[in-house]
Amino acid sequence: MLRTLSIYWSMLHILFIFMLLFRPRYTRKKTILATGICMGVLILLNGAGMAVLSVEALLQVFVLTCTVPSFLFFYILSVDRNFKFIFSFCLADTSCLWLMVVTNLLDYFLGGGQYVLLFISRLIAFPLVEYLIWRYFRKPYLELQDVVEKGWGIFSGMTMLYYILLAVTMRNAASIMGNPENIFQCILMLALMLFNYATIFTSLYRQLMLYRKQQSERILQEQKNMLKAQLENQQQIRRMKHDMKGYSATLLGLLSEGKIKEAVVYLKGVETEMDTLEGTFCANPYINAVFVQYSGKLEELGAECSMDIQAGEEELPYMDLCQILSNGLENACDELRKLDRKSRKVSVEMKYHRNHLIIRIQNRCREHLYVDKGKIPATDKAEPGHGFGLPTIQAAAGRLGGDMMCYTEEGNFVLEVMVSLVPLRERIEMAG
């Protein structure tokens, strides 16, 4: 009875551990409901099989009765339908099977094979592992799935081999326990599995740290460029204010002499001079600095540029918005450099729509470039430090309660970002 209860307990916590590791395509409520119903039925059926056939008989076919159905079920629920999913699935299963084999060995050596120690150790070990996963492992692991694209095939192959080894070990538990040499080999395999998993996660963690470092460097460079552009803009405004004193003196002299026509001509010249002043795209100085900087870059590229900026007069989260605009415009500049000068064209829109701020950047692109809606294209640059623009935009939009979408249509690459203004206005009211 204790062994049977411990198996039920283990099967239940395999689900909990996997739920902590995988990324569902549906809401949490729908995912938990579907998992509870389908996996509950599967556990009951396997429990009935243990009662009718015996535990040993069910262990011979549990891959077919338990592993395959749960794999197919979670494959349907998962947002990842690739090696990332296989690795997460096998990681959860092998971790739990590893615990089951270890507790079997502990009971054999220390508990006299009475299953009391087996039951108690599993009762404690599984919740403890889940707590450690939730506390220390889950967040960086989910981030790894977001940012690391390569290497999952090799890692998932290793976890599948370990799953097969552990499954064979559990099926042949009786023969292993009866042979000290087999027990020693089993212990070596369990230890080797720990070291291999440590190697895998060390490699993945280094990739995560590299990504974070490159992203931080990119953000710092964007902030530096933004502040530099803002400083130049302010200096130009100060120069214009200084020049206005001279303009006023000249106008005053012309008017005092009654030279009205000359004063009108002079005013038109001043107006022309004022029109050359950059930095009037947006009332927000930080966001405006980004437009100033990239309008200069687009002018150097000889690109036809149109900007329709109807936002910025109220307080805005300029740090995240500057990230979105800088990365979006930088990507546009990169793509325009690959085109003939006569084909370079870009448009920028930033306006309010009900309770949202809409940013739309559209630029001409190469004819063979195709991006489907809802997908982020991979960078085609071989140099390190690239490929972070669109993920950074998506992350910044998410922090502002919005989302990002990019696609190609009629020879244009289109980036659309929607930011919710409702939580923003609530934060501003609370701060006030």
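**Helix α12**

I started with helix α12, which covers residues 318–336 and has 19 residues. From its first C-alpha to its last, α12 reaches 26 Å, close to the 27 Å expected at 1.5 Å a residue. That expected span is 1.5 Å times one less than the number of residues in the helix. Helices here are DSSP runs of H or I with at least four residues, strands are runs of E with at least two, and both are numbered from the N terminus.

I then looked up burial along α12: 16 of its 19 residues are buried, so the helix is largely enclosed by the rest of the structure. Buried stands for under 20% relative accessible area, exposed for over 50%, and partly exposed for anything in between, with a 1.4 Å probe and protein chains only.

**A note on the model**

I am reading a predicted model, in which local features need pLDDT of at least 70 and side-chain atom pairs count only at pLDDT 80 or more, while totals for chains, interfaces and linings use all residues. Residues are numbered from 1 along each chain as its sequence is written, and side-chain values use heavy atoms, with hydrogens and water left out.

**Salt bridges**

Next I went through the salt bridges, each defined by a side-chain nitrogen of Lys or Arg within 4 Å of a carboxyl oxygen of Asp or Glu. The count by this rule is 11.

I checked R337 and found its side chain in a salt bridge with D334, at 2.8 Å from N to O. R337 is partly exposed at 40% relative accessibility, whereas D334 is buried at 18%.

K338 and E335 also form a salt bridge, at 4.0 Å from N to O. Here K338 is partly exposed at 38%, and E335 is buried at 8%.

My last pair was E349 and K351, whose closest N and O atoms are 4.0 Å apart. E349 is partly exposed at 29%, and K351 is partly exposed at 27%. I also noted that D308, E349 and K351 are linked in a network of salt bridges.

**F71**

Which residues does F71 touch, leaving aside its neighbours within four places in sequence? I found F85, I86 and F89 in contact with F71, where contact means heavy atoms within 4.5 Å. F71 and F89 are 18 residues apart in sequence, and their C-alpha atoms are 7.3 Å apart in space. F71 is found in helix α4, residues 62–77, and is partly exposed at 26% relative accessibility.

**A nonpolar surface patch**

I moved on to a nonpolar patch on the surface, formed by M1, L2, L5, Y115, V116, I120, L123 and I124. Together these residues have about 720 Å² of accessible area. The elements giving two or more residues to the patch are α1 (2–21) and α6 (116–147). The largest share, 4 residues, comes from α6. M1 lies in the segment before α1 and is exposed, with a relative accessible area of 75%.

For the patch rule, I noted that members have over 30% relative accessible area and no salt bridge; like charges are joined within 9 Å, and nonpolar side chains (Val, Leu, Ile, Met, Phe, Trp, Tyr) within 5 Å. Areas come from the Shrake-Rupley method with a 1.4 Å probe, and for residues only the protein chains shown count as cover.

**The whole protein**

To finish, I looked up the totals. The protein has 14 helices and 5 strands, and 40% of its 432 residues count as buried. It exposes about 24,300 Å², with carbon and sulfur atoms supplying 62% of that.
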